[in-house]
Amino acid sequence: MRPWPAQLALAGLTTASSYHDGAGVLAHVNPLVGTRGFTPNDNGGMIPSVSPPFGMTRWTPQTRENYISQVPYSDHDRRLHGFQATHQPAIWMGESGQVVLTPGTGDVIRTKFEQRGLSFRKEDEKSTAYVYEILLDADSVGEAGWNLTEQWASETMGKQCPPCPGGAANVPGDVEEGAGGRVRRGIVGQMPVLNERVLVGNQQSRKREAYDRSIRVAMTASAHVGHLRFDFEDSAGNSTQTPYITIQASRSNWIGSVEIDAAKKEISGSNSQRQDWALGPDRPKSFRGYFVSRFSEPFAEFGATEAGDIKKGTSRLEGKDVGAYATFSKSARRVEVRTGVSFISIEQARRNLDLEIPDGTSFDKTVESVKSAWLEKMDRISIAGANVTDPEHDPLAVFYTGLFHSLQYPSDFSEPTTSVDGGTRRYYSGYTDSVHTEDDSYYQSWSIWDTYRAQHSLLTIFAPERVNSMMRTLLKIFDWSGRLPLWANMVETNIMIATNADAVLANALVRGFRGFNISAAWAAVKKDAYEPPERDTELLYYDREPDTPHEARAGLTSYLAHGWVDNDHWAESASRTLDYAFNDWACASVAQHAGENATAKELMQRSFNYKKIWNNDTQFMQARNSNGSWANDTWGWTEGDKWVYTFDVMHDVGGLASLFDGGKKGMKRKLDEHFAGGHNMHSNEPSHHVPYLYAMLGYPSSTAEQVRSLARSEYNATAAGLSGNEDLGQMSAWYVLSALGFYPVNPASDQYIVGTPFFDEVRIRMPEGPGTKGEHELVISAHGAGTKGWKYIKSLRVDGKKVHSPVLKHADVVGAKKIVFEMSPTKTCWGKMGTV
């Protein structure tokens, strides 16, 4: 991990150490985890951002321009080009309405990305959940980083994906020929070409010596306002350079605007960029991101910029690639900037600023506010007895960083009117292309194909106060668009497959959440289950197909006809068939809660459709054509293959086991082959439940072995600490829940399958929510699990009651006061009855 005290003393970053006091468990959080990788798929796709839990806007250092397949920061880079208010939720999704602030010194104002970057040393960088700090070499100006820009990618790669202009991709050849869709995210063959360039011209970093002139930056942020502090330093004590700050409102090809009010020390503006513009059915024409930046120091000079041209004294400008700048007195040693961000209007951005970080608010106070927001969530969990083998594999850092990642999404896009906390709120909806006002939050960034698996279950435990409002948002989206979202990034993008929002609603209902309209939830999932999407028999609905209607369950026409999605008519047909069977099970659960028992029974029967693509001769799942014949066994999969999808029956593991020769033992043999043969790809979500299937079959020791192995091989506490894309908290949710000792194999049910806890003791101050009987402390005890590395369970008790099978219900977890695992260094007989 990071030996910060010694390094910070060298860098001089301890001058404001007071706001690092009282960090508590946040000292274990490393936001740099998941920021290193050479291709979009071999890193977490994360950024060292600052924002409170579920914040609308995350503020991040910018080392590269982001676009679909690239985020604004990479741990490889050694030049910083600005500080960005970002709304890009994941590496494979697009940015929208961003703004970038960049400091500089000298008589030449540098605004273009490739001209404004300044070098830094990694030891001069500190990233926490509540503040980001860095020391920049003010004299390191020069041309660098053109090959890290969105425009470079566009000119070099053209219409290829990545960079996926507009989010769209061309028709894959195998789909065009009637085969099945993708195997892994992106087009792997293009990655070396795209990524060999990311290090070129971006690694300049001086040896360990004092800079002649430097800029010390500290950045923090509330949900809608960034607070940056720039200290302009000169080792000789002279003030010979003019400090300035530039603001980039928009990039090439996108309309932006800026307006400068020197009397108020404000620069405001807007940005129309929305990178996913080609995806899905919605085209919100009035979309804009708005900002108001208020400076602590008066402007010496100011002006607007356009494509790098300086327009000194111009106070208003609209056009493509526009921005603004302000210079300050040479004697100005510190400049603070607070930037309010909004999707509603400039006036709302200003209101956000005045409400959340009003005039007179010190930087330290803003930091303390953000720190307190994170501590309210994170400090509820205290851990004793961790197996810290080395700093890079510190399980405390992995756990708390994982919880930090998992509590960022979905993002609350509602904005305050009169009070920061509660009260009437306003939000922009891309579905209606208008502003709404109500006493509720509104959530965006729904990566549901990923997050339904475990992250939403995690939220029901650690953020139950948010769950009802999130469900109401799903139903609002249904009211506006006629469909529940698949992957919503301001509007529906049709990324990924299946209607897994059905499972998210079921997950909330079975856990006792009732603060939303159950009849409306049933109407929404019923439409998913029974009504094919528009033009279902005309379109392939391949990955990133542009200008499509709401995809919903593409291929439902054939699924309703004979129980599977035809591979010769739809992309990703086998994965769709399996997912739709699970979706049917989830819809049946919602139907039961709505009192629609007859339909629930029908849907439950449909959930066995997974059996229709079981190839008994090969003992694998396999895509089928419309005439019932088998397709090529490499076709029809979504980010996986026949190995992982053969186990993709989360709702009926007993029924799946009955298909194998030898039943449970036969399925166990196939699982052994799966793991021993290197087929398990934990970097992608379809594999996440697979190690827990052993326990359900009656082999909990095998689950324990695989879970512990994956926890060490796929996660660590370095910048390369995630083996795959974080995907809005799902990768981390797997680790957090697994570390507690259980995981939701069927996330549409109220059950967790027991695995193996990672720590000797975890104390959780449970927040009030359904089934908790008020706020109380839960102690999860597992002596020897951490300090001795014992992975096997000898016995399990919940509030003194013995548990013989490896399953816990949600109410058992959130309502309990004490869960006691008796651990063993050797295999035991506990749990051998399984759950199926």
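## The chain as a whole

Of the 836 residues of the chain, 66% count as buried, that is, under 20% relative accessible area with a 1.4 Å probe and protein chains only. The model is predicted, so local features need pLDDT of at least 70 and side-chain atom pairs count only at pLDDT 80 or more, while totals for chains, interfaces and linings use all residues. Residues are numbered from 1 along each chain as its sequence is written, and side-chain values use heavy atoms, leaving out hydrogens and water.

The chain contains 23 helices and 36 strands; these are DSSP runs, with at least four residues (H or I) for a helix and at least two (E) for a strand, numbered from the N terminus. For 836 residues, a compact globule would have a radius of gyration near 28 Å, and the 26 Å of the chain agrees with this. That radius is taken over C-alpha atoms, and the globule rule is 2.2 Å times the number of residues to the power 0.38.

Of the contacts (heavy atoms within 4.5 Å) between residues at least 6 apart in sequence, 74% join residues at least 24 apart.

## One hairpin

Strands β21 and β22 run antiparallel and are joined by five bridges; strands pair if DSSP finds at least two bridges between them.

| Strand | Residues |
|---|---|
| β21 | residues 425–429 |
| β22 | residues 434–438 |

Serine 429 has serine 434 in β22 as its bridge partner. The two strands, β21 and β22, form a hairpin with four residues between them, and aspartate 433 in the turn has a positive phi of about 55°.

Terms used:
Buried < 20%, exposed > 50% of the residue type's maximum accessible area, 1.4 Å probe, protein only.
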